[in-house]
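I opened my notebook today to look around a new structure.

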Amino acid sequence: MNLFERLSLRIASHRQPKPVEGWLRIGHRQLYIWLTPAGGLFIAVQLAILLGGINYQSNLAYLLCFLLGCMFLLSLFHSYRNLLQLELTLGHIQPVFAGEPVVLPLLLRSEHPVWSLWVDEQTDLVDIQANQNQVLRLVKLGQKRGYYQIDSLKLHSVFPLGLMRVWSWQRPSSRALIYPKPEDPGYLPSASFNSSDHESELSRAGGDPDSLRPYQLGDSPQRWHWPSYARHGQLVTREGNQLAGEPWLLSLNNLTHEPLERALSILCFWLLEAEQRGLAYGLQLDGTELALAQGHEHLHHCLAALALYETSR
Amino acid sequence: MNQTNNALTQPGVLLSLLLIQAGILIPHWPELPSWIFGVFLACGGYRYSVLRLGWPLPASWLKLLLLVAVIGLLFASFGRFAGLDVAAGFLVLMLSLKLLEARAQRDAMLMVLLCYFLIATSFLFSQSLWMGIYLLLSVWATTTVLIGAQRSHGLQRAWLSWRLSGLLLLQALPLMALLFVLFPRLPSPLWQMQDPSRAKTGLSDSMSPEDVAELSESSEIAFRVDSAQGSQQLANRYWRALVYGRFDGRRWQASQLPTELPYVLASKGPALQYRITQEASQQPWLLALDWPNAAPQHLNARLSSEGTIQLQNNEQVNNRILYELESYPAGQLTQLSAAERAAYLHLPKRGNPRSREWAQQLRQQQPSDAAYVQALLEFIRQQPFYYNLKIAPIESEVIDGFWFERRRGFCAHYAGAFTFMLRSVGIPARVVGGYLGGEYNEIGNYLIVRQSQAHAWVEVWLEQHWQRIDPTSFIDPSRVEHQLSEQQQQRAAGEGQLAGHLKLDWLSKSQLWFDSVNYRWHRWILGYDLEQQRKLLEQLGLANLSWNQLVPILVLGFVGCLAALGWWLLPKRRQVAPLVRCFQQLEQRLKPHINSITLEQPAQLLLLAAQYLPNQQQAWLELHQDYLALRYRPQTTPPQLQRQVLQQFRHLLKQRRQ
């Protein structure tokens, strides 16, 4: 970043310190413009032509110099107009684990066509058609758990003549969650974790025979009763909310011997493990309790609770 | 992170760049040696093959070798390093070699900017109307390539880039015109450059018949002249350039009189004002009708005692110049100092004895000088003197050989011999070189005078003033030799009474029209210098402004126009519907009362207004009803309901403010 861009970033951050929800619109006050090196050379060429015109008293050289100069100044307006009233926002962002790349879908739209735009660190030029939403996938690295806050994005272009650069700093808000990175502690949550008011004995043997039924198309493989299949050669599924094993009630209080972040990472790992095994699981954090359940949504609720857990104990 | 768009790999950009460079080089063709263009074609072709066929770019040592080789060739071609043509050739060569090492966006941009510079160098060689058109077209094309280099798809959809480029050009033209008119002009160049690449044209400071014969072949324009009092009266006149006062036995040279000698013009009579647009000649003389009043002020020129105007301080007419003069055709130069008399009587001690003897005999037979002059002219008319432009030079005794034996020649011979005859008998006389006649362009209302109209005549000191005698016009018209070409006939036609008449068919008519457009071009665009600017400013009422005052006006005017164009170009704030704006204002008004307003319908806002602004509660409720009617029962509402609702809404909003 050169001096002007740094300066403009400070000004933009001062004006808009927090990310903005919804659609952002690039207005007059958010656009900055300066010469590119080619622009500097262009001015030098113009001056040389002017000097030649003065010295050789060539009026055509004057005309050429003035024509180039006026075109240069007018291209300023064209460059400005290119980026003006461009709207952007961030779409739905899939949560990821810390350390993994976050894909930020940036939606861009404009009432007039936008040419030769560079967004952030993309290496390819973007052209935006008029009145059509365009999606760009920005990939950033999510380091910390919690809400992912995007840095200011730089949108810039040297259209049309490549002699001036117009840029704008925008900060769309993203409610993207970064879950803690799962860490395998090497042990599973012990039986004492389990809540006392749960019938654990029922689940151990592998299922209540009364709750079996013949296989129907679409039954999840997690619910197939393998012992029956091995004995009779027919596929049967377990019915209802019969759980495959002991439910796990995971609690932060049981991990006080670990530092907080590692504890959260371990909990995360166990949650994933529980889901994979088809167990019911619940989560208990300070003040937050998530009842036993299963399924993707429940998993995301739990992971979200982990991600958003305050850093102060 | 490498955020550049490498234009050289985009479709069409390299090829377009090469084509445009070739187009820009075309006007340089007459001025530069052909091998330079060969180098360009070779480098261009190679670079294109690099793109298309995957050839490798040349190594550094090879590029260095080529650089040294072309510089050496350049020196060998021209024999020098100075001069505009060498500089232009050098630029073209550098552009060609740059092609061989162009690989990044930076190089592409550099080459395009060099193209702009190359366009400028063509103006050093020619500034005709065609060049003006060429300027526009080449700037348009080059800008298109520049725009294409910034696009992601290069020049694939080229018409988009063409269109934007054309738009930029059109929008820039009025601003350019404004700058052109108001930009301050310097009275003289920043530094004087004697350009060795340009040859001298026109009359030189020594006249020999061969030189003048050569000029008669040339149809190049020497100058154009028009007059506000009617350009037609400028036809068939004598235009003086310089005076050949010294004879060395073979050639007549420009006189070298002391500069302090005064120029005394008496009994002036009516004045004739005219404007001359003189082409570059690399010589110092300007032109004037007999007898000029003063030298043009804005040029560094001086009116000599002989009535000729010359640039001083070794300056030359290196570019086309425009100047205004005032002459008195009926005036008389009545002063002849001793120095001048001596100069205008001087003849070499030896040579042409027969002529001297014959002249003295003839003078003795005549009662006066004037009669002697008449007798000489009669001699030309009666004796078999012929007018012929193709004459072999006479080896020695040029006057004797011409007057008594050959008797064939043209103006230079006749003027020279005549002056010799006069000086032999003690009558001061001088040869005057200039132009006679010219072609009246009735479409443009001005006179074109070409080099082929160069002429020499005589001035003789008789009856206490200088009088013009043109001996060539006394040749019997039937003795004009017929092997003259059309051009020579025209020239002969311009001399004396042998006036011909141009037949105006459509071809020559269109030529005249084109020349008049060209002339306007010269006068208004090319001839626009300090003098013209001063006049234009006078007309606009901004006379007599110094730079200090003019520059702020220029800057203000320019910025004003630029701002106007900018305002026109940039999109306005999106027009918000008036009703929506009212709702927005209401929302602002209610903000202090309610923290966050999430509504499903805007109509609810009106209800909230009724709740929190109890002063106009009833009015708000009514407005609510009206709005619902407008919104949901448009068929049954009278058409002016929308306006009423809007007015009422605004009214209510205003009231609260009070």
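This is a predicted model: local features need pLDDT of at least 70, side-chain atom pairs count only at pLDDT 80 or more; totals for chains, interfaces and linings use all residues.

**Chain A as a whole.** I looked up the elements and found 7 helices and 17 strands in chain A. I also checked burial: 51% of the 313 residues of chain A count as buried.

**A sheet in chain A.** I traced an open sheet of 4 strands, ordered S1-S3-S5-S8, with antiparallel pairing. Which strands stand at the edges? They are S1 (24–25) and S8 (134–141) of chain A; each has a single partner strand, so one side of each is left without a neighbour in the sheet. Next I zoomed in on S1(A), which is joined to S3 (residues 86–90) of chain A by 2 bridges, the two strands running antiparallel. There I found A:Arg25 standing opposite A:Glu87 of S3(A).

**Where the chains meet.** I turned to the interface and found 54 residues of chain A in contact with 67 residues of chain B. The area buried between the two chains is about 5400 Å², and carbon and sulfur atoms give 74% of it. On the chain A side, A:Tyr56, A:Asn59 and A:Leu60 lose the most area to chain B, together 13% of what that side buries.

How many salt bridges are there between chain A and chain B? I wrote down 0. For polar contacts across this interface, my entry is 3 residue pairs.

I then asked which elements of chain A touch chain B. Helix H2 (37–55), helix H3 (59–83) and strand S6 (114–119) each supply at least two residues. H3(A) gives the most, with 18 residues. I sorted the residues of this side of chain A too: 34 are nonpolar, 13 polar and 7 charged.

A:Pro160 lies in the loop between S10 (153–157) and S11 (164–170) of chain A. Chain B has a cis bond from B:Asp290 to B:Trp291, with omega near -20°.

I also looked up B:Asn236, whose phi is near 55°, a positive value in a residue other than glycine. Is B:Asn236 buried or exposed? With a relative accessibility of 55%, B:Asn236 counts as exposed. B:Asn313 has a phi near 55°, and B:Asn313 is exposed at 62% relative accessible area.

Definitions and conventions
Residues are numbered from 1 along each chain as its sequence is written. Chains are lettered from A and ligands numbered from 1 in the order in which they are written. Side-chain values use heavy atoms; hydrogens and water are left out. Contact means heavy atoms within 4.5 Å. Buried area is the accessible area (1.4 Å probe) that two parts lose on being put together, summed over both. A salt bridge is a side-chain nitrogen of Lys or Arg within 4 Å of a carboxyl oxygen of Asp or Glu. A polar contact is a pair of N or O atoms within 3.5 Å; within protein, one must be able to donate a hydrogen and the other to accept it, and residues adjacent in sequence count only if both atoms are side-chain atoms. Ala, Val, Leu, Ile, Met, Phe, Trp, Tyr, Cys and Pro count as nonpolar, Asp, Glu, Lys and Arg as charged, and the others, Gly among them, as polar. Two strands pair if DSSP finds at least two bridges between them. Buried means under 20% relative accessible area, exposed over 50%, partly exposed in between (1.4 Å probe, protein chains only).
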